[in-house]
Amino acid sequence: MNAAISVLGIDHLHALTPAFDVLPYGEAAQRACLPLRSEDGRLLLAIDCEAAADFLPWAGARLAEPFSLCFAQRGDISAVLASHSDDVRAMDAIDAEDGATDATDDSIESLQLDTIHADASPIVRLANSTLYDAYRAGASDIHLETTADGLRVKYRLDGVLSRIAERRSVQTAEHVISRIKVMAELDIAERRVPQDGRFKVSIDGRDVDFRVSIMPSIYGEDAVLRILDKHALTDQLSSLTLESLGFEQDTIRRVRRLAREPYGMLLVTGPTGSGKTTTLYAVISEINDGRDKIVTIEDPVEYQLPNVLQIPVNEKKGLTFARGLRSILRHDPDKIMVGEIRDSETAEIAVQSALTGHLVLTTVHANNVFDVISRFLHMGVPAHSFVSAINGILAQRLVRINCTNCSVEDHPADELLAESGIATESRPTFSFRRGCGCAQCRGTGYKGRRAIAELLRLTDDMREAIVAGAPTRQLRESAARDGMCSLREAALELVRQGQSTLEEINRVTFVA
């Protein structure tokens, strides 16, 4: 240790670069000290003068690198640590060679950056830090993949998987998966069949739910954890509108008209993670004026809505979508939301509900608005009942938006234009831009997503064509004459405005 001791104010502390690679954030927060790099690269440790006596023996044994001690107010140190909490990952401090010991501890109750590393078990620390980092990064899913030589951790950020870390230990992979199974109250001895479960932890004082899917693989087991922060979603409801989701004004106007019909069905379709449920909740938030009885049945309840009866599906207890929907109809509802139509029984009851004076809002997995028609017909719903019940079908996707902090003018190659179905002579009509990557967008060039949609409103001509078994091409041409904008056209408009890139919309939508 260098004997020179200086006193630093909070502005000076902020100006220096933190050295959490030498002393992890969690330990620094526990010890109320701040590791810093001076302008000339020396290691500085800022502490409160009252803690010097206890700190010096520990620091001398803990740090292999020479350091200089400096004093600062404890409140200043805490403030600077707090300002850096978003920039560090708990996982960064986990030693890749940590052994796999105890994987059967009790379920965690609270995760905080300054307490994660206090646990004696390296497996618990790794599992907890993975959950914490994913939550703080805004990930929607965590993927724990068992490989031939260890564990690979990925987060789904803005709809795209990003590799976060790897652990070169097969034993570590097995025990981390076992830890997750214990938290979700699954059978850790069963490794040959898929398992599903869920658990809840408190992160920074907020309850966060995790839905767990365990799948056997050739190397062991993989786990996928869906992150559901109900409180964060509920907080967004005050500002959750169709405009806030990014839909075009014409789409918003038409959806609102369909949502205010006295009866019938409004279907939202798209792949998993395309924002279907969020769109339905935006619709419910706008029409929830307190004069109608609104009941939802969901798996799980992702948002907590005021003045709405929300029923969670519980298949273990026999409460399925179909059974719950039958019961809802005896509860005098005006508007019903069915989280997802998965089978013919639920589809039939939902259609009958829409035909008997209820407004039904629901989702179904399909690629576009015309595939929805085929899905219902294949589930055994008569064509005439289906077309009589449906008011409109909304198909949507989420497109990543260029980071506004690092977005620059772009000049895509002619080959990319051709692959995207854009004529070279149309180049002047586009304001091509792309993000070049910065700290705010984690180097991806994209920050945030925006919804695009195609909306099919069933007219009498469209209903007659569907009942007559008209081919999809004829239905599509009829919809275009009625003013329907396709998903691809909506995506190209974002590129034309410089909000996204051709690579992104080609990833999300089919090239026409």
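Author: Let us begin with a term. A helix here is a DSSP run of H or I spanning at least four residues, and helices are numbered from the N terminus. In this predicted model, Leu 475 lies in one such run, helix α16, which covers residues 472–481.

Reader: Is Leu 475 buried or exposed?

Author: The cut-off for buried is under 20% relative accessible area. Leu 475 has 6% relative accessibility, so Leu 475 counts as buried.

Reader: Which residues is Leu 475 in contact with, leaving aside its neighbours within four places in sequence?

Author: Leu 475 is in contact with Phe 370, Ile 373, Met 462, Ala 465, Ile 466 and Ala 470.

Reader: What does Phe 376 touch, not counting residues up to four places away in sequence?

Author: Phe 376 touches Leu 267, Ile 341, Ala 347, Val 351, Val 364, Val 381 and Phe 386.

Reader: How many aromatic pairs does a search of the whole structure find?

Author: A pair of aromatic rings is described by the distance of the centres and the angle of the planes. The search finds 3 aromatic pairs. One of them is formed by Phe 199 and Phe 210, which are stacked at 5.1 Å centre to centre, with 15° between the planes. This pair links distant parts of the chain, 11 residues apart: Phe 199 belongs to strand β10 (residues 195–203) and Phe 210 to strand β11 (residues 206–217). Phe 199 is buried at a relative accessible area of 8%, and Phe 210 is buried at 0%.

Reader: Why is the pair of Phe 430 and Phe 432 called stacked?

Author: The planes of a stacked pair are under 30 degrees apart. The ring planes of Phe 430 and Phe 432 stand at 5° and the centres are 5.1 Å apart, so the pair is stacked. Both Phe 430 and Phe 432 are buried.

Reader: Which charged end sits over the ring of Phe 430?

Author: That of Arg 496, which is 4.3 Å from the ring centre. Elsewhere, Arg 400 lies over the face of Tyr 446, at 4.1 Å from the ring centre.

Reader: In what order do the strands of the open sheet of 7 strands run?

Author: Strands of a sheet pair through backbone hydrogen bonds, either parallel or antiparallel. Here the order is β15-β14-β16-β17-β13-β18-β21, and the pairing is mixed. The edge strands, β15 (309–312) and β21 (446–457), each pair on one side only. On average, neighbouring strands of this sheet are turned by 15° against each other, direction ignored.

Reader: How many bridges join strand β18 to β21?

Author: Strand β18 (residues 390–402) and β21 run antiparallel and are joined by 10 bridges. As an example, Ala 395 has Glu 454 in β21 as its bridge partner.

Reader: Which backbone angle is worth noting at Asp 158 and Glu 185?

Author: Most residues other than glycine have a negative phi. Asp 158, although not a glycine, has a positive phi of about 55°, and Asp 158 is found in the loop between β8 (150–157) and β9 (160–167). Glu 185 likewise is not a glycine and has a positive phi of about 55°. Glu 185 is found in the loop between α6 (170–183) and β10.

Reader: Is Glu 185 buried or exposed?

Author: The cut-off for exposed is over 50%. Glu 185 has a relative accessible area of 72% and is therefore exposed.

Conventions: Residues numbered from 1 in each chain as written. Predicted model: local features only at pLDDT ≥ 70, side-chain atom pairs only at ≥ 80, totals over all residues. Heavy atoms only, no water. Contact = heavy atoms within 4.5 Å. Phe/Tyr/Trp six-rings, centres within 6.5 Å; stacked < 30°, edge-to-face > 60°. Helix = DSSP H or I, 4+ residues; strand = E, 2+ residues; numbered from the N terminus. Buried < 20%, exposed > 50% of the residue type's maximum accessible area, 1.4 Å probe, protein only. Lys NZ or Arg CZ within 6 Å of the ring centre and 35° of its normal. Pairing = 2+ DSSP bridges. Axes fitted to C-alpha atoms, helices over the stretch in contact; angles between N-to-C directions.
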